[in-house]
Amino acid sequence: MKLNAKNFGLAGGILWGVSVFIFTWMAMWTGYAAGLLEALAPLYIGFTISVTGSFAGLIWGFLDAFIGLYILALIYN
């Protein structure tokens, strides 16, 4: 079975980007997942646990997962 690298990367990128966005908002309100997000902050430029940081995390999370999963699918194929 061959994977469609673009679709695989897109699906994973959307999932991870939206997850980072949602976790950031949850951390702002409740403190939940703050440890995970603090670990991501040095990796994603401009990312902080704030409103503007949530959008930076959305973009960086999408790009990070898209590129990684795209390469993984190419290697798999």
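Good morning. In this protein, residues 24 or more positions apart account for 60% of the contacts with a separation of 6 or more, where contact means heavy atoms within 4.5 Å. The structure is a predicted model, in which local features need pLDDT of at least 70 and side-chain atom pairs count only at pLDDT 80 or more, while totals for chains, interfaces and linings use all residues. Residues are numbered from 1 along each chain as its sequence is written, and side-chain values use heavy atoms, with hydrogens and water left out.

Let me begin with the overall architecture. The protein has three helices and zero strands. Helices (H or I, at least four residues) and strands (E, at least two) are DSSP runs, numbered from the N terminus. From that end, the order of the elements is α-α-α. The C-alpha trace spans about 45 × 20 × 20 Å along its principal axes.

Next, the surface and the interior. The protein exposes about 4,900 Å², and carbon and sulfur atoms supply 75% of that area. Accessible areas come from the Shrake-Rupley method with a 1.4 Å probe, and for residues only the protein chains shown count as cover. Of the 77 residues, 27% are buried. Buried means under 20% relative accessible area, exposed means over 50%, and partly exposed lies in between, again with a 1.4 Å probe and protein chains only.

I turn now to helix 1. Helix 1 has 26 residues and reaches 37 Å from its first C-alpha to its last, close to the 38 Å expected at 1.5 Å a residue. The expected span is 1.5 Å times one less than the number of residues. Its buried residues are A5, G9, G12, G13, G17, V20, T24 and A27, and they pack against helix 2 and helix 3.

What does T24 touch, leaving aside its neighbours within four places in sequence? The contacts of T24 are L37, F47, T48, I49, S50 and S54. T24 counts as buried because its relative accessibility is 0%. W25, also placed in helix 1, is partly exposed, since its relative accessible area is 23%. Not counting residues up to four places away in sequence, W25 touches V51 and S54. By contrast, W25 and L69 are 44 residues apart in sequence and 25 Å apart in space, C-alpha to C-alpha.

Between helix 1 and helix 2 there is a loop, and A33 lies in it. A33 has a positive phi of about 70 degrees although it is not a glycine. Most residues other than glycine have a negative phi. A33 counts as buried because its relative accessibility is 18%.

Which residues form the largest nonpolar core? There are seven of them: V20, A27, A34, L37, L40, Y44 and F47. Helix 1 (5-30) and helix 2 (34-40) are the elements that give two or more residues to this core, and helix 2 supplies the largest share, three residues. A nonpolar core is a set of buried Ala, Val, Leu, Ile, Met, Phe, Trp, Tyr and Cys residues joined through side-chain atoms within 4.5 Å. A34, one of the core residues, touches A27 and I49, not counting residues up to four places away in sequence.

Finally, helix 3. Helix 3 has 26 residues and reaches 37 Å from its first C-alpha to its last, close to the 38 Å expected at 1.5 Å a residue. In helix 3, the residues G53, S54, A56, G57, G61, A65 and A73 are buried, and what covers them includes helix 1.

G61 is buried, as its relative accessible area is 0%. Leaving aside neighbours within four places in sequence, G61 is in contact with G13, W16, G17 and Y44. The C-alpha atoms of G61 and V18 are separated by 7.9 Å, although these residues are 43 residues apart along the chain.

L63 is also in helix 3 (residues 51-76), but L63 counts as partly exposed because its relative accessibility is 36%. L63 belongs to a nonpolar surface patch, together with I45, I59, W60, I67, Y70, I71, L74 and I75, and the patch has about 880 Å² of accessible area. Patches are made of residues with over 30% relative accessible area and no salt bridge, with like charges joined within 9 Å and nonpolar side chains (Val, Leu, Ile, Met, Phe, Trp, Tyr) within 5 Å. A salt bridge is a side-chain nitrogen of Lys or Arg within 4 Å of a carboxyl oxygen of Asp or Glu.

Thank you for your attention.
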